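Visitor: Could you walk me through this one while I have it open? I'll jump around a bit.
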Amino acid sequence: MLDLYQKIEKHLDDKLPFVVYSKPNSTKISAVFQNDAQLHEIKDFTEIGFAFVSFDGSKKYYIPSETSDIYSEALQDEDFFFTNNELNFDAETRVNFEKLVQNGITAIENNQFEKVVLSRTEKVATLDFDVVKTFKMLLQLYPSAFKYCFCHPEIGFWIGATPEQFIKIDENNLKTVALAGTQIFSENVIWQTKEKEEQLFVSNFIVDNLKEFSDEILVSEPYTFQAGSICHIKTDIDVILNDKNDLEKIIQKLHPTPAVCGLPKENAKEFIIKNEGYNREFYSGFLGELNVDIASLRRDKSDLFVNLRCMKVEEKSVNLYIGCGITKDSNPQKEFMETVNKSMTMKKVL
């Protein structure tokens with residue numbers, strides 16, 4: 001029997017779908033290897049397997065666990081040497097993104113929405129991208145993130161290390177988080193009013209939209225959460241669901257959250273699609289285990305993550321995706337530098 005990494009190489013050669021991943025702070029790696037090239041579409045979120053959903057929700061796919069080869073094995077220590085990359089960027093990219101941010105601020109001042117999350121792409125040339133090595137580096141660098149590599153010949157090849165849980169469900173128990181605000185991590189982090197307000201938007205949106213599904217919602221105090229070399233403000237939200245069969249309705253209410261879209265959701269989403277100048281595809285969508293714990297094959301569990309800090313691998317380059325939340329107090333220059341700092345998550349493994 002092939003070991004996990006040999007299986008990855010074989011599936012890549014055979015152009016067959018697969019996903020390999022490790023959950024936050026886990027000592028295990030799990031993988032689902034589909035045995036044919038069929039594209040499976042999610043119809044109503046009762047499907048069982050590994051889900052991969054786009055930002056706008058128009059593309060909803062999954063790799064079925066029941067008819068695929070499942071691998072689960074212990075995480076092995078790897079010895080990589082990392083250097084700190086220089087913060088470099090293209091001047092035209094900076095000008096364009098700062099203009100986009102200013103347009104977002106103007107729209108907020110004109111009462112189109114309260115918050116919008118704006119993003120950009122960055123193409124990085126690569127020679128002979130090494131999937132296995134890159135994934136192993138992510139495992140070592142970002143233990144507290146959800147690390148993954150997803151490949152389907154009809155969808156593309158995506159890899160990332162996201163710090164943000166979308167929703168986690170175990171029968172009637174739902175957990176989610178509100179995550180917003182970004183700065184370089186230090187021992188004495190101080191959050192400004194803009195960042196606190198941005199995080200509160202996300203938290204209030206999630207709680208308000210979950211009230212129709214639950215009579216019992218517990219919200220933690222905001223706290224600083226480290227994700228690699230940067231940190232965010234985070235709030236934990238625990239919910240007892242009235243009906244465990246409401247998953248599709250809950251996803252429709254929450255996705256995309258203000259952490260990746262804005263508020264009000266539809267107004268911000270329309271602005272993003274019209275103004276960003278590119279198709280986000282699966283960046284800021286969500287992914288993860290749908291209606292099953294794949295390692296144990298236990299049902300009635302879902303573990304889904306927002307697809308941030310990710311890149312799409314192409315033939316001789318990768319596309320990085322980075323964004324930031326914009327409110328009335330945003331500064332275009334600072335917001336651009338936030339995207340530069342976030343880009344280091346993926347650049348560190350290239």
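Visitor: Where does glutamate 171 lie?
Guide: This is a predicted model, in which local features need pLDDT of at least 70, side-chain atom pairs count only at pLDDT 80 or more, and totals for chains, interfaces and linings use all residues. Residues are numbered from 1 along each chain as its sequence is written, and side-chain values use heavy atoms, with hydrogens and water left out. Glutamate 171 lies in the loop between β10 (165–170) and β11, where helices (H or I, at least four residues) and strands (E, at least two) are DSSP runs numbered from the N terminus.

Visitor: What about the phi of glutamate 171?
Guide: Glutamate 171 has a positive phi of about 55° although it is not a glycine. Glutamate 171 is partly exposed, with a relative accessible area of 38%; buried means under 20%, exposed over 50%, and partly exposed in between, using a 1.4 Å probe and protein chains only.

Visitor: And lysine 15, buried or exposed?
Guide: Lysine 15 counts as exposed at 59% relative accessibility. Lysine 15 is found in the loop between α1 (4–14) and β1 (18–22), and its phi is positive, about 55°, although lysine 15 is not a glycine.

Visitor: Switching topic: how many cavities of 30 Å³ or more are there?
Guide: A search of the whole structure finds three. A cavity here is a set of points, on a 1 Å grid over the protein atoms alone, where a 1.4 Å probe fits but cannot get out, whereas a pocket is an open set with protein on both sides within 12 Å along at least five of seven lines, and lining residues have an atom within 4 Å of a point. Grid points are joined across faces, edges and corners, and a volume is the space filled by probe spheres set on the points.

Visitor: Which residues lie nearest the centre of the largest cavity?
Guide: The largest cavity holds about 220 Å³ of space, and of the 21 residues that line it, Ala259, Leu308, Arg309, Gly323 and Lys342 lie nearest its centre. The elements giving two or more residues to that lining are β11 (173–184), β21 (317–326) and α7 (332–347), with the largest share, five residues, coming from β21.

Visitor: What classes make up that lining of the largest cavity?
Guide: The lining of the largest cavity divides into 11 nonpolar, five polar and five charged residues, with Ala, Val, Leu, Ile, Met, Phe, Trp, Tyr, Cys and Pro counted as nonpolar, Asp, Glu, Lys and Arg as charged, and the others, Gly among them, as polar.

Visitor: And what is the volume of the largest pocket?
Guide: The largest pocket has a volume of about 380 Å³. Among the 15 residues that line it, Thr182, Gln192, Glu195, Lys334 and Glu338 are the closest to its centre. At least two lining residues each come from β11, α4 (193–210) and α7, and α7 supplies the largest share, five residues. By class, the lining of the largest pocket has three nonpolar, six polar and six charged residues.

Visitor: How many disulfides does the search find?
Guide: The search of the whole structure finds zero disulfides, a disulfide being a pair of cysteine sulfur atoms within 2.5 Å.
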